Amino acid sequence: MALFIAMLTSVSIGLAQAEVTPDHAKRMAKGLAIFRDGVGQAMKQRCVKCHGGGKIRGELDITTRNLLLKGGSEGPAVVPGSAKASRLFRLISHVEKPHMPAKGEKLPAGLIAKFAEWIDMGAPYGEVLLDSKLAGGEMQITDSDREYWAFVPLKMTSVPKVKNSQWVSNEIDHFVLSKLEAAGLQPNNPAQHRALLRRLYFDIIGLPPAPEEVANFLAAADGNPRAALESVVDQLLNSPHYGERWGRHWLDLARYADSFGFEQDTDRNHAYHYRDFVIKALNNDMPYNQFVRWQIAGDEIAPENPLALMATGFLGAGVFPTQLTEKEFESARYDELDDMVGTMGTAMLGMTIGCARCHDHKFDPIPTRDYYRLITTFATTIRSEIDVDLNPEVTKADLAKWQVVHDKLAAGLARWEKESLRERLVAWVKNPPAESAGKFEWLVLDDLKIKSLNGAVFKRQGDGSFLLTGNNPKDDRWVITTELKSKALTGIRIEALAHESMKHNGPGRADNGNFALSDIRVFIESLDGGSKRVAVKLTNPQTTFEQNKEGLSVASSIDADKKKTGWAVDQGGIGKDQTAVFEFAEPVGFADGVKLTVELDFFTNTSHTIGRPRLAITRHPKPVPLKGSAQVASVTKLRAAFKDADNLDEFSEKDLQMLLRAYRTLDREWLKRDAKLKAHLAAKPKPQTTKVQISSEGYKPMKHHADGRGFPHFYKHVHLLRRGDSRQKQEKMMQGFLRVLMRGAKDEEKWQQPKPNWARTSFRRKALANWLTDIDHGAGPLLARVIVNRLWKHHFGRGIVNTPNDFGLQGEVPTHPELLDFLAGELINSGWRLKPLHKKIVMSYVYGQSADFSQDKSQVDAENRLYWRCTPRRLEAEPIRDSLLKVSGLLDTTMFGKGTLDPLMKRRSIYFQIKRSKLIPTMQLFDSPEPLVGQGARPSTIISPQALMFMNNAQIRAAAMSLAGKLETEVNSQAVMVGYQTVIGRAPSLREKQATLVFISKQEESYCEVGRNDARKLALADFAQVLFGLNEFVYVN
Amino acid sequence: MDEIREIKNLTRRAMLQRCGMGMGSLGLWSLLQQEGLAGQRTLAPKHPHFAPKAKSVIWIFTNGGPSQVDTWDYKPALAKRDGQTLDGFDRFTGFFANSVGGLMKSPFEFKQYGQCGKHVSSIFPRLAKQVDRMAFIHSGHTESNNHSPALFMMNCGLPRMGYPCVGSWVTYGLGSSSDSLPAFVVMSDPKGRGLPKGHAANWGAGYLPSVYQGTHFRPTGDPIDNLYRPREMNPDQQRRQLDLLRHLNQKHLDANPYEEELAARIESFELAYRMQSAAPEALAVDQEPKHIQKLYGLDDDKCKHIASQCLTARRMIERGVRFVQIYSGGMENQRSWDGHNDIKGNHSQFAAETDKPVAGLIADLAQRGLLNETLIVWGGEFGRLPIAQKGSKPGRDHNPHAYTNWMVGGGINGGVSYGETDEIGHKAAVNKVTVNDLHATILHLLGMDHERLTYRYNGRDFRLTDVAGKVIREVTS
């Protein structure tokens, strides 16, 4: 821009020098006074709108003096010093045409005189006529821009009157017929039932009717055609194939594929969920506004709903380079933002927003600033792969069922404890069973102090273990101290216990459930202070599991390496309790008691501490047992205390509870009940997760080849770019929308609600979704117009707006604008549901009329823009292939899931994997688009390679053989009949039958001659292949 | 604009007749497409904007980015400064920022050839003898230092995926003059070294109808899909089958006489039947006399694969194919001209694979009088740096700032060298040429104005040259 201004400056200097006269300054001052006395104001009010204020008619921008002098396509507008020589004056005084102002009345004579004088004085400006000119002359959006037919609110007109009311099935027909009548055209008669049925099947589900479906419909339609029609329409709209047929139309718009494109064309293995979302949403008749909202911001709007997450795949379906150099990082990201906004623009709004990337849109009222404000929405949005529970309802139900049992067990146990535990404790004290009378191998140390150097929190459990909660530090050292009476201690035991609070149930706190105990040290000192603290030498380590025999073995936690090596339990030990025991080289202890200090270090791996430790010591003679019975130290203490008490009442409630908690772990009955509860706890249902590619913010980005080079995936801020060049950054942008689609004093903030507390994302996308679907003040009316036009286009072959992806000024205007708005209104009134609209369209007379051609009518309307007939259409790639599979009995109707590149796949074509470098040739042959930018209309070509496919393709031949297998059981004349019925839904004429019968016998004969023993089957396959090649098979009328 | 208005006023039948008579004009397709009337006649020959100098193109795509200073851009100063550090060099220019070495002279000797006295590297002994026919452009520069964006730039005019390539634009603009072969054929490396980066997008039609995409002749197996009739059928059986199909479709057409598309589709089966024999015939280079095979180097193991492709290319353009692209080399590194390591070994090898076949092609076309109506283009997606990429055998890294193209044939001013790089061949310096300029020039030679060859898509008139491009008049005759 700097360059631009500099150029203008130099121009003005040149002109100024030429016109300098001795009284120049004086004249200019006078001129300035005239400017301020009305001329400036008049120009602002009457001229600027078309000459600089957003529009620049005749390439003349008068908002600054320099621009005025520069002039427009007809040369300079003003010659300073001479009103008569100035075009501006000649036009406003109506001396020359075009008279100005072009709109509204001629300026008052007095004002025109002022203009003349002003020009004579040198035409000075007191100010620029538009503030924005200071910022560089950006396009302005005015209310007149909002008056363009596509941008105005929906206009609800009453249905037009028609002469021939017999022709009318519903409102749609009023709109269409009134135009036909105005053109003096009669619509065609209704199509034959058979033709209509075929049309309905292909349009709605993309497959032909089976012979019995044809027969049933014909029978029903003979009775009550309207009821038969309604019934079959309902049935087709409710078919799961509907979503497969119409989902494919949407996937064209979404440039959906399963790979990145570019260099390596890396697969996106989890992108197919987006395709499945589209099919499911359409089959469920999801309201279209929700369909749109979820694709933009499903993760923000319904984060708990897997379908909403899958929907965001829309944003990330575009191509992206898989190999990037540092120089390309940022421009590639801007390309990606452009892809997201551009695809959204064409698919949802029928607007070519991407055209405003390098300069203000040439035709539509989209300033470059709006473009950059809009792409800011996606600044931090990236592709990620996350684990999603695709059936949260099932999980929830399972969990609820489980919870009932759990509650019952837990309540039962609690009740039992309340009722029985106290008595049993008394009995136990009075009559201690032999095995608990001090005969145990391990004394569990629960009465101890445990401290984490890095802030981990320990929560004491009933069984003497400590559960770690809260912060999981990168590394840690625990210092544990306790006091004991024992002497002659022979060993120490460290347990790492599993717990459901940890990943994979632990027993470690690492993401994979592992831990790594780098080092263990034990120290003793006498309680009376008579001896110094000494280290205890540990020997003979044993364990229930160790990750390896080297650096992750139990021995490595007492080796010379204090940091790198240590005991770990991955690759077999995850999710289970693990134990390590160490012997003391010599028995240790003091008669008066001992203070024991244990230090545990966790430095070997990041955040790899034990999650639920339990410590015990033993006096057992060596070798000390790895397993063995245990008693909790506090129990021992309490028991000793209890022995001295006469009854339980002497205990404080707190001590009593502690005593009971300790006691119950020794009670067989309690243990039995508790084990049951624990077993159930272990069986708690877990969600079954699947990897899903989504577009969101804050998740780990999908892997990229350039990650090693430091590719950042996104940049927090979006800048306004000069000429779309990321090296020419201007100011930082804030999110905004297209101002031409903002009405009624709405500014962005109305859609940008504050984000919720739980928000992980920016909620800019939700704001965009709010604006997109706002029918009162936002883009809602256009959103509705664009989608109803798409429905119409796919039902009739051409849209009411025949440029379905461009509703802008370069697009075509609607042939039936009132009908378009009526349909959009119907959509909104039915809660944005598409199926009722489909139904209304296909139940109309105009849809159901015949395809018969009429030369007379075509003289008036050659392109059938008024719909005097049904235009015959060639089927698209998918229905051609799917129909071949269907009629030959090979179609596999399995829905959803990962696609395949196998061209011989027998599922519907929408389930092909779409790898951008390996598109399925058969699909491409019949004009299936390259998934690069959104496509709203496919071409329909006729080329010889298509014929080659029908002649020679292996899958076609296999389909022919399969159908021949079915025909083989019939005599030839019946086989011909069945073949015709199956493939094109009608019986052959007599002549067709004769010709085909002759053909079959000739072929059979020739196959016999070469010694084929399957000659008849081959002949029937040749016949079946002829049926596939019929124009009637690929053209619907 | 007037043309569109005029066409809109035509009746549908009249319009189809008009196209059918070969009067279809540029830009008409999009209109036809919107009306759903497009038929196979879209590939019928169309008139260019003005008298063409060449009718068809053979593009030898030296994939991977050949080094200009080791091939056609003689830089004595580079030899003098061998080993010096290149001051101010941006280490992110190439692909490997951490392997930046000093300036490195060419390992090859240069000698002068022809009347024009062009200096040519010793790796092109045969092509060197054709320099008086060639026009060199030394000042090419591009927008990416990375293979696939640069490939897309060179093929499609933008460094992004998804735009129609030159071959698609040319067939869109001119149609095909063959009714039994594809209009636009691509041949890739047959030695198992892969496809160029970005694969089929390099010959894709982008938003143009897929009719215009390149047909990739597979290097092994069936060259194109569905070319051979089912194994169990003999020619008589298939002919009978097609006769029955034609009969039944004709009856259907008789009942719907105004549906032009139905007639077109009937005809497409007949064309397909002819293609079954025409395509294998065009590929049958062994039908050529021995001395012709030898001229291309079919008897030479080093280069017989490219020889076969070059000879096939000639047979194709003789049969009306409009655009043939031959990729020399497969993917990156030592599989193509991408000489990151051992520039000497790499370029010696790929030059030896192409020198004799391409020189043979030029000579053969000339002796048949076809060279003046065929345009041959030689070049890759970018050039290489004058500094070394460090390694046990030094190579050269990517250089988007300079590369050399040459063209020969119809409309080319032989012996001309246009544009210059700086004294070490690092950056284009004099008369810089963009990829858009090169494309504009190619279209110009084929009789098309690059600013008028447009296609309306999603609300915009797209061009191969986007918003730029200037015909390089100095290289055209």
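Trainee: In what sense do β3(A) and strand β6 of chain A pair, and over how many bridges?
Mentor: Keep in mind that this is a predicted model. β3(A) and β6(A), residues 476-484, pair in the antiparallel sense.

Trainee: Which residue of β6(A) stands opposite A:Ile450?
Mentor: That is A:Ile480.

Trainee: What sheet do these strands belong to, and in what order do the strands run?
Mentor: An open sheet of five strands in chain A. The order is β3-β6-β14-β9-β10, with antiparallel pairing.

Trainee: Which strands stand at the edges?
Mentor: β3 (449-452) and β10 (534-536) of chain A. Each has a single partner strand, so one side of each has no neighbour in the sheet.

Trainee: And how much is the twist from one strand to the next?
Mentor: It averages 25°.

Trainee: New topic: helices. How do you describe two packed ones?
Mentor: You give the angle between their axes and the distance between the axes.

Trainee: What about α14 and α20 of chain A? How do their axes cross?
Mentor: The axes of α14 (residues 329-349) and α20 (residues 764-772) come within 13 Å and cross at roughly 25°. That makes α14(A) roughly parallel to α20(A). This crossing is right-handed.

Trainee: Which residues make that contact?
Mentor: A:Met344, A:Met348 and A:Leu349 come from α14(A). A:Leu768, A:Trp771 and A:Leu772 come from α20(A). The contact counts six nonpolar residues, no polar and no charged.

Trainee: Last one: the chains. How many residues of chain A and chain B are in contact?
Mentor: 80 residues of chain A contact 75 of chain B. The area buried between the two chains is about 6,900 Å². Carbon and sulfur atoms give 54% of that.

Trainee: Which residues in chain A lose the most area to chain B?
Mentor: A:Phe262, A:Glu263 and A:Ile942. Together they give 11% of what that side buries.

How values were computed:
Residues are numbered from 1 along each chain as its sequence is written. Chains are lettered from A and ligands numbered from 1 in the order in which they are written. This is a predicted model: local features need pLDDT of at least 70, side-chain atom pairs count only at pLDDT 80 or more; totals for chains, interfaces and linings use all residues. Side-chain values use heavy atoms; hydrogens and water are left out. Axes are lines fitted to C-alpha atoms, for helices over the stretch in contact, and angles run from 0 to 180 degrees between N-to-C directions. Helices (H or I, at least four residues) and strands (E, at least two) are DSSP runs, numbered from the N terminus. Angles under 35 degrees count as roughly parallel, over 145 as roughly antiparallel, 65 to 115 as roughly perpendicular and the rest as oblique. A crossing is left-handed if the near helix is turned anticlockwise from the far one by less than a right angle, and right-handed if clockwise. Contact means heavy atoms within 4.5 Å. Ala, Val, Leu, Ile, Met, Phe, Trp, Tyr, Cys and Pro count as nonpolar, Asp, Glu, Lys and Arg as charged, and the others, Gly among them, as polar. Two strands pair if DSSP finds at least two bridges between them. Buried area is the accessible area (1.4 Å probe) that two parts lose on being put together, summed over both.
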